[in-house]
Amino acid sequence: MILADQPQHPRRGYEARVVDLGSLVVYGKADSRGEVLRVGTKALTSECGALTVVIRGAYYNANPQGELGAAEDYAVVTIRQQDRVLLGPIALGTCSKGTPRYDTHAKCPEEWATHVEMHAGQNGAYSVQLQHDYHELMTVTP
């Protein structure tokens, strides 16, 4: 199984599926100024062999006009085997370490990845490869 924040050409033997994240974010009714807020998210569940992949929409700010509100929605992925969580939540995308808003759904950078590969191995174990892309904000005091 391969999950990525940007569509890629599918590898031989893999089926490609593009998920519309916009359909996984729920908006409220417009207020008196015609503005709407994000009020929640939905999840898409898919079976991949013995695994269940749950993709949930996520966003930085409920107010699309607020700070980072106009930033693109992103996905948070959890992989389960029956009731047991094997991996996740993993946010798909690039984050900024040291900026708390990125830690809302998944801790940056260890729980953010631009690319996730998971393959069945020996004795029921899975090999997992995460590719990270993050920016780091630091304060240095002399």
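Good morning, colleagues. The structure is a predicted model, in which local features need pLDDT of at least 70 and side-chain atom pairs count only at pLDDT 80 or more, while totals for chains, interfaces and linings use all residues. Residues are numbered from 1 along each chain as its sequence is written, and side-chain values use heavy atoms, with hydrogens and water left out.

Let me begin with the interior. A nonpolar core here is a set of buried Ala, Val, Leu, Ile, Met, Phe, Trp, Tyr and Cys residues joined through side-chain atoms within 4.5 Å. Buried means under 20% relative accessible area, exposed means over 50%, and partly exposed lies in between, with a 1.4 Å probe and protein chains only. The largest such core has 15 residues, and Leu3, Val53, Val77, Ile79 and Val116 touch the most other members. Two or more residues of this core come from each of β5 (51–58), β6 (74–81), β7 (84–92) and β10 (115–120). A second, separate core has 10 residues, among them Ala58, Tyr74, Cys95 and Ala106. In general, nonpolar side chains of soluble globular proteins tend to be buried together.

What does valine 77 contact, leaving aside neighbours within four places in sequence? With contact meaning heavy atoms within 4.5 Å, the partners of valine 77 are Leu3, Val53, Val54, Ile55, Leu87, Gly88, Pro89, Ile90 and Leu92.

I turn to the strands. Two strands pair if DSSP finds at least two bridges between them. Elsewhere, β4 (residues 43–48) runs antiparallel to β5, and 6 bridges join them. There, cysteine 48 faces leucine 51 in β5. The hairpin of β4 and β5 has 2 residues between the strands, and glycine 49 takes a positive phi near 65°. Cysteine 48 has a relative accessible area of 34%, so it counts as partly exposed.

Which cysteines are joined by a disulfide? They are cysteine 95 and cysteine 108, with S to S at 2.0 Å; the rule is a pair of cysteine sulfur atoms within 2.5 Å, and by it the count is 1 disulfide. Cysteine 95 lies in strand β8 (residues 95–97) and cysteine 108 in the loop between β8 and β9 (112–113), so the link ties together parts 13 residues apart in sequence. The link is right-handed, with 80° about the S-S bond, and both cysteine 95 and cysteine 108 are buried.

Tyrosine 134 is partly exposed, at 38% relative accessible area.

Finally, is aspartate 73 buried or exposed? At 17% relative accessibility, aspartate 73 counts as buried, although its place is in the loop between β5 and β6. Its side chain makes a polar contact with that of arginine 38 at 3.3 Å. Such a contact is a pair of N or O atoms within 3.5 Å; within protein, one must be able to donate a hydrogen and the other to accept it, and residues adjacent in sequence count only if both atoms are side-chain atoms. Thank you.

Note on methods
Helices (H or I, at least four residues) and strands (E, at least two) are DSSP runs, numbered from the N terminus.
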